[in-house]
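Please look at the sequence and the structure below.

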Amino acid sequence: MRVSMRVNGAETQAEIEPRLLLVHYLRNTLGLTGTHWGCDTSNCGACTVWLDGLPVKSCTTLAAMADGHEVRTVEDLADGESLDPVQQGFMEEHGLQCGFCTPGMMMTARALLDRDPDPDEATIREAISGNLCRCTGYENIVRAIRWAAEHQATQAREEAAL
Amino acid sequence: MQVPAPFEYERAVSVDEAIALLARHGPEARLVAGGHSLLPMMKLRLARPETLIDINGLADLDYIRTEGDEIAIGAMTRHAGVLDSAVLAEHYRIFAEAERVIADPIVRNRGTVGGSLCQADPSEDLSAVFAALRGTAVIRSASGSRNVDLRQFHTGPYETAVGAAEMLVEVRLPIRPNCGSAYEKVERRAGDWSIAAAGAFVQLDGEGRIADLGIGLTAVGAEHFTCEEAEDALRGEAPAEEAISRAAAICAERCQPQADQRGPVDYKRHLVGVLVARALARAAARARGEAA
């Protein structure tokens with residue numbers, strides 16, 4: 001079957017088998033390997049991308065289900081050379097060790113901050129409860145997301161003052 | 001790498017079209033909504049439908065609203081929508097308490113009420129919630145719609161009252177005054193299936209006695225996800241600790257859990273007793289208007 005979907009703002013299309021999973025469409029068909037393919041059972045969240053603005057596990061979503069829809073992956077977080085505050089936060093607070101869970105973590109974190117720009121620790125931990133970090137670096141991941149929240153708030157205030 | 005067996009893919013944009021596609025493709029066709037139960041089973045080749053009919057386009061079935069003295073929940077309502085629903089928070093707190101412990105927030109963005117009920121997994125939390133609340137499933141076919149008592153909806157593990165070329169479109173629940181509800185679940189780790197879980201509603205009369213109640217049990221082999229004998233024992237009683245313990249003990253005795261990697265039978269029975277008592281006590285406190 002033929003599918004077409006907007007991925008990170010760009011139109012993509014391909015001839016695929018209906019059983020192709022979205023994670024493989026992104027990684028293998030489009031070559032967007034920022035999205036990681038982990039447990040394959042919708043537990044680990046490494047494959048988290050946005051579908052129409054909501055985080056979903058792309059290992060448990062058919063590419064066919066995204067046909068005609070909008071997908072956003074970790075490759076779209078940075079604006080050119082300028083990192084998203086979430087990416088910056090992971091850097092500043094050492095929010096990653098091996099880095100495998102990071103793309104999914106950051107897509108979940110970005111969605112959380114868009115919805116709730118000032119989440120407390122409990123809210124952050126609940127939000128990332130579908131993203132597993134096998135390095136168990138949760139302390140720093142939570143700090144990284146708090147860093148992003150505080151940083152983007154300051155940034156917004158500075159921009160408003162200009 | 002886990003990949004489903006090949007299948008034909010169809011997409012329905014209306015209930016009528018979904019039903020027509022089911023009729024056309026026969027018994028080896030399956031509806032797919034969020035897919036978070038069906039796709040994992042297809043990857044493990046435990047399910048091999050020849051045709052998948054994608055109903056994610058049926059956004060008009062994504063609603064939770066009051067209609068007269070009932071609450072109507074559309075089959076395509078996502079778990080996240082149930083968790084966030086102001087209507088359900090007002091009338092049945094059991095939903096938020098159950099939803100918070102169903103999988104994780106990302107999975108809840110996709111999984112649906114209808115999908116959960118129709119998957120009929122014996123460990124599904126919402127099945128126990130609906131069994132506790134006793135409502136109606138609205139099932140559509142080409143010839144119209146029919147209502148099925150939610151306690152008759154599940155006919156066995158992975159089996160429901162939904163027939164060939166039929167589709168669950170809505171669940172309806174009565175709004176009960178002076179009512180409280182609660183859900184209790186014990187799991188091995190966050191987001192896992194229950195080792196055991198129990199839900200309850202309690203409705204009080206003017207004297208503070210239990211006018212009506214419902215008990216839901218999941219993952220412990222309870223017939224229709226409930227225990228009517230325990231409900232009958234408690235109806236008409238004051239919701240005191242002793243009466244609640246007696247009903248909880250009946251649940252523990254009557255359910256039929258199986259030993260598995262989540263625990264042995266006696267442990268699961270013990271959990272049922274504790275969780276039913278807690279759910280009933282909290283439901284009763286809420287029915288009295290106490291903060292609980």
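The text below goes through some strands and helices of chain B.

This is a predicted model, in which local features need pLDDT of at least 70, side-chain atom pairs count only at pLDDT 80 or more, and totals for chains, interfaces and linings use all residues. Residues are numbered from 1 along each chain as its sequence is written, and chains are lettered from A and ligands numbered from 1 in the order in which they are written.

In chain B, an open sheet is formed by three strands in the order β11-β12-β13, with antiparallel pairing. Strands are DSSP runs of E with at least two residues, helices are runs of H or I with at least four, and both are numbered from the N terminus; two strands pair if DSSP finds at least two bridges between them. The edge strands, β11(B) (179-187) and β13(B) (210-218), each pair on one side only. On average, neighbouring strands of this sheet are turned by 10 degrees against each other, direction ignored. Helix α8(B) (residues 125-133) packs on the sheet and touches β11, β12 and β13 of chain B, at about 160 degrees to the direction of β13(B). Contact means C-beta atoms, placed from the backbone, within 7 Å; angles run from 0 to 180 degrees between N-to-C directions of axes fitted to C-alpha atoms, for helices over the stretch in contact.

| Strand pair | Bridges |
|---|---|
| β11(B) and β12(B) | nine bridges |
| β4(B) and β5(B) | four bridges |
| β5(B) and β10(B) | five bridges |

β4(B) and β5(B) form a hairpin with two residues between them, and B:G68 in the turn has a positive phi of about 65 degrees.

Notes: Contact = placed C-beta atoms within 7 Å.
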